[in-house]
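Subject: Structure for you to look at

Dear colleague,

I am handing over the structure we spoke about, with the sequence alongside. Please open it first, and then read the notes below with it in view.

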Amino acid sequence: MIEGLKVYDQINSVFIFVASVFYALNLITLIKDKDVKGISKLSIIFFSVWNLWTLFFFVQTSEFWWTIAAYVIVAILNVIYLFFMFKYLRKN
């Protein structure tokens, strides 16, 4: 990685990490309520797939390791969210 870009990688990763906090809060609410309500299921699926693609893209095309690490956290949370979303949708 070009050394001058490292700071941009770190700034970007902070934004993604903060997003992971919001993902975690949504996941906690989903688990607590045991119900999927008030959200578009298609948007959750779309943004989860997009996140997984973005993680793959960054791993394949860059050395922005801070950003990649932050996307790994978001990807894990998205997969867990999708698991519980489908579980609760099937139950209800």
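On the face of helix H2 that is turned away from its buried side, you will find the exposed residues Leu-42, Val-49 and Gln-60. Please keep in mind throughout that this is a predicted model. H2 runs over residues 41-61, and its 21 residues reach 30 Å from the first C-alpha to the last, which is close to the 30 Å expected at 1.5 Å a residue. The buried residues of this helix are Ser-48, Asn-51, Thr-54, Leu-55 and Phe-58; seen down the axis of H2, they fall within an arc of 125°, so they line one face of the helix. An α-helix has 3.6 residues a turn, so residues three or four places apart point the same way. As for what lies over the buried residues of H2, the cover includes H3.

**The nonpolar cores**

The largest nonpolar core has 9 residues, namely Leu-27, Leu-30, Val-36, Leu-77, Tyr-81, Leu-82, Phe-84, Met-85 and Tyr-88. Helix H1 (6-33) and H3 are the elements that give two or more residues to this core, and H3 gives the most, with 6 residues. Within this part of the model, Phe-84 touches Leu-27, Leu-30 and Ile-31, if residues up to four places away in sequence are not counted. There is also a second, separate core of 8 residues, which includes Leu-55, Phe-58, Val-74 and Ala-75.

**Ile-73 on helix H3**

Ile-73 is found in helix H3, which covers residues 65-91, and it counts as partly exposed because its relative accessibility is 36%. Leaving aside neighbours within four places in sequence, Ile-73 is in contact with Phe-17 and Ser-20. Ser-20 is 53 residues away from Ile-73 along the chain, yet the C-alpha atoms of the two are separated by 6.7 Å.

**Aromatic residues**

The count of aromatic pairs comes to 10. One of these is formed by Phe-46 and Phe-47, whose rings are edge-to-face, at 5.2 Å centre to centre and with 80° between the planes. Phe-46 counts as partly exposed, at 49% relative accessibility, and Phe-47 is partly exposed as well, with a relative accessible area of 41%.

With best wishes

Notes
Residues numbered from 1 in each chain as written. Predicted model: local features only at pLDDT ≥ 70, side-chain atom pairs only at ≥ 80, totals over all residues. Heavy atoms only, no water. Helix = DSSP H or I, 4+ residues; strand = E, 2+ residues; numbered from the N terminus. Buried < 20%, exposed > 50% of the residue type's maximum accessible area, 1.4 Å probe, protein only. Contact = heavy atoms within 4.5 Å. Core = buried A, V, L, I, M, F, W, Y, C linked by side-chain atoms within 4.5 Å. Expected span 1.5 Å × (residues − 1). Arc of directions from axis to C-beta. Phe/Tyr/Trp six-rings, centres within 6.5 Å; stacked < 30°, edge-to-face > 60°.
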